[in-house]
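Subject: Structure handover

Hi,

Here is the structure I promised you. Please load it first, then read the notes below.

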Amino acid sequence: MSENKIYHIEEIMELLPHRYPFLLLDRLEVEVPGEKGVGTKNVTMNEEFFQGHFPNNPVMPGVLQVEAMAQTAGAIVVAADGNYKDNKKSVLFMSIDGVKFRKQVKPGDQLKMHVEKIRERRNVYVFKGQTMVDGQLVSEAEFTAMIVG
């Protein structure tokens, strides 16, 4: 069995078109190329969304947790194409199902996005994902995305 591949921020920026403040992935560990991995988002008080969500009680919006899962899934799929630096691709949401938010994510938390491919058909992928903080389930969703480009 091969060793997990780790991607750091510079490589993630080669995989995904997202940039600050919308890039929600600081580190990626691909466990099975194109199929399974774990993304990491270091949540800090410097995040722009904390200015309004919420003053005096900063909480990471749930929709951004789902976006972080989707970015993780997209990066896993794009990374499986060994020629990703030359073949720029984008990942577009198609649907989100079964979303559940269980705990708040606060500044100082390290959000881990565990995603796994359920199925694929051509350039359409269905993933299930869970976000965790300190080993506790924070949110979960199943989502469909299309890879284009």
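A cavity here is a set of grid points where a 1.4 Å probe fits but cannot get out. Its volume is the space filled by probe spheres set on those points. Bear in mind that this is a predicted model.

**Cavity**

The largest cavity holds about 60 Å³ of space. Which elements supply at least two residues each to its lining? They are helix 2, strand 6 (124-133) and strand 7 (136-148). Lining residues include Ala70, Ala73, Gly74 and Val77. Tyr125, Phe127, Phe143 and Ile147 are also among them. By class, the lining has 9 nonpolar and 2 polar residues. No charged residue takes part in the lining.

**Helix 2**

Helix 2 runs over residues 62-80. At 1.5 Å a residue, its 19 residues should span 27 Å. The end C-alpha atoms are 28 Å apart, which agrees. Of the 19 residues, 17 are buried, so helix 2 is largely enclosed by the rest of the structure.

Strand 2 (residues 27-32) pairs with strand 3 (residues 36-42) over 5 bridges, in the antiparallel sense. In strand 3, lysine 36 stands opposite valine 32.

Best regards

Notes: Residues are numbered from 1 along each chain as its sequence is written. This is a predicted model: local features need pLDDT of at least 70, side-chain atom pairs count only at pLDDT 80 or more; totals for chains, interfaces and linings use all residues. Side-chain values use heavy atoms; hydrogens and water are left out. Helices (H or I, at least four residues) and strands (E, at least two) are DSSP runs, numbered from the N terminus. The expected span of a helix is 1.5 Å times one less than its number of residues. Buried means under 20% relative accessible area, exposed over 50%, partly exposed in between (1.4 Å probe, protein chains only). On a 1 Å grid over the protein atoms alone, a cavity is a set of points where a 1.4 Å probe fits but cannot get out, and a pocket is an open set with protein on both sides within 12 Å along at least five of seven lines; lining residues have an atom within 4 Å of a point. Ala, Val, Leu, Ile, Met, Phe, Trp, Tyr, Cys and Pro count as nonpolar, Asp, Glu, Lys and Arg as charged, and the others, Gly among them, as polar. Two strands pair if DSSP finds at least two bridges between them.
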